[in-house]
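Please keep the sequence and the structure in view while reading.

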Amino acid sequence: MTVTETEYQAIKNNDTCYDNIFCYAVKSTKIFCRPSCLSRLPKKENIEIYYMKEEAVHDGYRPCKRCQPLGESVSDEEWVKEIDTILQRNYQQKLTLEELSYLARGSESNLRHTYKAVTGMTPQKRLMNIRLEKASEELLETNLTVKEIAEEVGIGNVGYFIRKFREYYDDSPLQFRLKNKDPLK
């Protein structure tokens with residue numbers, strides 16, 4: 001259901017009077033909240049309104065970790081899965097911890113601490129690993145230059161990209177391509 005101006009104003013003003021009337025889901029994050037949630041205001045076109053919280057869950061949205069619209073907290077493991085999904089979908093963008101915490105609906109410090117406790121690495125480290133793994137695929141499947149691949153995976157500085165790639169794969173990107181690329185491609 002699309003959002004009316006009254007519903008949007010309730011969300012914009014974090015109006016607690018509407019908490020038991022409807023919840024809103026954010027299409028870009030796949031998370032649903034109470035109108036009073038203190039998370040950053042999403043774009044109006046990304047909001048979907050639900051008058052039954054169960055319908056939001058049925059449609060694939062997960063409850064916000066911050067406002068807990070179902071009255072229960074989301075497990076750390078479930079939240080980390082959501083964070084991983086966000087990282088996989090947005091690795092090409094400039095994704096700061098602040099932006100990630102907004103998308104995952106939690107505080108920066110809690111997100112970093114929880115993610116590291118569950119996975120053993122920081123979300124920034126996981127993001128770099130995703131970028132380097134995507135870069136290795138591009139090196140083997142395309143003829144793009146190293147600079148083009150670095151930019152495509154979200155790393156604007158090619159020297160930094162080469163250094164991180166070497167740390168991860170023990171080879172420069174070009175050495176990696178020469179050793180692993182199928183000569184028929």
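In this predicted model, Phe-32 stands opposite Pro-63 in β4.

- Strand β2, residues 31-33, pairs with β4 in the parallel sense, and two bridges link them.
- These strands belong to an open sheet of four strands, in which the pairing is mixed and the order is β3-β1-β2-β4.
- β3 (47-50) and β4 (62-63) are at the edges and have a single partner strand each, so one side of each is left without a neighbour in the sheet.

**The domains**

- The protein chain is divided into domain 1 (5-63), domain 2 (76-125) and domain 3 (128-180).
- The centres of domain 1 and domain 2, taken over C-alpha atoms, are separated by 21 Å.
- To the contact between these two domains, domain 1 contributes 12 residues and domain 2 contributes nine residues.

**The nonpolar cores**

- The largest nonpolar core contains 29 residues, and those with the most contacts inside it are Ile-83, Leu-87, Leu-100, Leu-111, Phe-161 and Phe-165.
- At least two residues of this core are supplied by each of α3 (76-90), α4 (97-104), α5 (108-119), α6 (123-141), α7 (146-152) and α8 (158-169).
- Helix α6 provides the largest share of this core, namely six residues.
- Because domain 2 (76-125) and domain 3 (128-180) both give residues to this core, it lies between them.
- Another core, of 14 residues, lies apart from it and has Tyr-24, Ile-47, Ile-49 and Cys-64 among its members.

**Leu-111 and the crossing of α4 and α5**

- Leaving aside neighbours within four places in sequence, Leu-111 is in contact with Trp-79, Ile-83, Leu-97, Leu-100, Ser-101, Ala-104 and Pro-123.
- Where the two helices meet, α4 contributes Leu-97, Glu-98, Leu-100, Ser-101 and Ala-104, while α5 contributes Glu-108, Leu-111 and Arg-112.

Note on methods: Residues are numbered from 1 along each chain as its sequence is written. This is a predicted model: local features need pLDDT of at least 70, side-chain atom pairs count only at pLDDT 80 or more; totals for chains, interfaces and linings use all residues. Side-chain values use heavy atoms; hydrogens and water are left out. Two strands pair if DSSP finds at least two bridges between them. A nonpolar core is a set of buried Ala, Val, Leu, Ile, Met, Phe, Trp, Tyr and Cys residues joined through side-chain atoms within 4.5 Å. Buried means under 20% relative accessible area, exposed over 50%, partly exposed in between (1.4 Å probe, protein chains only). Domain bounds come from an automatic or database domain assignment. Contact means heavy atoms within 4.5 Å.
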